[in-house]
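I opened my notebook to look up salt bridges. My notes follow the display.

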2 protein chains.
Amino acid sequence: MDKNFEPIEQLYLSQAFDTESDEEQMLTECKMIARTYALAENAVVSMGDNRRNCSYCYFSGVADVLGISPEERVSQLPSLYENFIFDRCHPDDLSRRHAEEIAFLRYIAGNSTPQHYRDYVLCNYLRVKDACGEYRWVKHRMIPLATDKNGCLLLCACIYTLATDEDRKAKFTNTRTGEVRILTNKDYENILSKREMEVLRLIDQGLLSKEISDNLCISINTVNRHRQNILQKLKVDRAIEACKLAHVMGLL
Amino acid sequence: MDKNFEPIEQLYLSQAFDTESDEEQMLTECKMIARTYALAENAVVSMGDNRRNCSYCYFSGVADVLGISPEERVSQLPSLYENFIFDRCHPDDLSRRHAEEIAFLRYIAGNSTPQHYRDYVLCNYLRVKDACGEYRWVKHRMIPLATDKNGCLLLCACIYTLATDEDRKAKFTNTRTGEVRILTNKDYENILSKREMEVLRLIDQGLLSKEISDNLCISINTVNRHRQNILQKLKVDRAIEACKLAHVMGLL
């Protein structure tokens, strides 16, 4: 620990995740970051590992406030979903958070390079039930910590602390430049193509694929391809969830 | 890193800094925390070690923004003063920061126990000259990380990031409860006793110790004792600095 951290910063910034040992080193470093937030800020931290499809979790003081039981406090979860938070979260806020994450990841992919993803932080606010069953405002920060050599996001930390700010607007921050971007509906524009929006609008009206096919004069295969793309872009499993999310985003 | 951090949290929270090896372990852990903030938030971090009278420093992206030269980026400073920030800081903000730190440390000493000092964060804002010589708002967070078995503060991290908040009021936050206290002039009340205030007021009027002694009908030794106590309580070296600080605190 005494040594200067420059070599590790180089590892993050200059990208060389091409060998197994580099990836192990990177994972160790990112776990240390996640664990440190728990230690220093009483946070609950979940770090998602997109390749292994699991999460590494760290629990400190806020876990007691939220009444997260000993059984829920596992150090590694077999999914990217930290259900110990999601299950306690107000459903409206969970959808909004989902929408804001999509906008955030889309924003950094469009405005930065993988080497600089970790300069960006998404900060938003959620109502989460505490140990007494009352909703508390919780601050959620998402930091994309590591990418692979192809620029895919590998590790992303979600840090949960009790909200102490008056202002609860979702924002993207660049920690290197100090630039702040308050999220607006504009951040959701163009996520779906014009055609995908037409298909989604008809799905939302309750039309079946066959009916959509007739309505738009396209083949049913094309409708199904659009459906798949919509689900993928909105990172949901079912069309009904896509519709709900599109309403949250102000697209429908 | 893979292991659960519970044992380390125990070390912080249950206090057992009575052996050399525990202290080494604690120092290593706290250095990791300081270094992690630099890595994850592009921060400049200085962790003061009150016993060894030195600071451990970590530099990331913000160091470039502030134009901190390679010569200034030493990993260990032989004092508690991070001059790479202080020298760039607006003089008014440096005094205010000093006043706010005194109020903070006094607040936690009066309202918490050493085991829980690290639940508290002081957050305030400073104008610091950047690489172009222009003042930038910098956010300063101070986290008291470790105390010795007598409850004395041993290690305290100062984390500097670019300010992204609209609101620049100094505040104390309890990360365990979410409680926030906005600093007011009330936080500076009663730092000095009534008699010490009388002495300081006369010093501020330019009176010498002999004159103060005559004026208050107390011995010159007593005046000098009060002088010493004032300097100690306000953590300054000279009476003129004490007067300046008392003006910032609204005491004079």
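Entry one. I began with E23(B) and R51(B), whose side chains meet in a salt bridge, 2.7 Å from N to O. The model is predicted. I then looked up where the two partners sit. E23(B) is in helix α2 of chain B, residues 20-41, while R51(B) is in the loop between β1 (44-49) and β2 (54-59), so the bridge ties together parts 28 residues apart in sequence. Is E23(B) buried or exposed? I found E23(B) buried, because its relative accessible area is 10%, under the 20% cut-off. R51(B) is partly exposed at 47%.

Entry two. I turned to R141(B) and E41(B). Their side chains form a salt bridge too, with 2.6 Å from N to O. R141(B) belongs to strand β5 (residues 135-147) of chain B and E41(B) to helix α2 of that chain, so this pair links parts 100 residues apart in sequence. I checked burial again. R141(B) is buried, with a relative accessible area of 10%. E41(B) is also buried, at 8%.

Next I looked up D64(B). Its salt bridge partner is R73(B), and the closest N and O atoms are 2.8 Å apart. D64(B) is partly exposed, with a relative accessible area of 45%. R73(B) is partly exposed as well, at 24%.

Entry four. Which residues are joined into one network by salt bridges that share partners? I noted E41(A), R141(A), E41(B) and R141(B).

Last, I looked up the total. The count comes to 46 salt bridges over all chains.

Technical notes:
Residues numbered from 1 in each chain as written. Chains lettered and ligands numbered in written order. Predicted model: local features only at pLDDT ≥ 70, side-chain atom pairs only at ≥ 80, totals over all residues. Heavy atoms only, no water. Helix = DSSP H or I, 4+ residues; strand = E, 2+ residues; numbered from the N terminus. Buried < 20%, exposed > 50% of the residue type's maximum accessible area, 1.4 Å probe, protein only.
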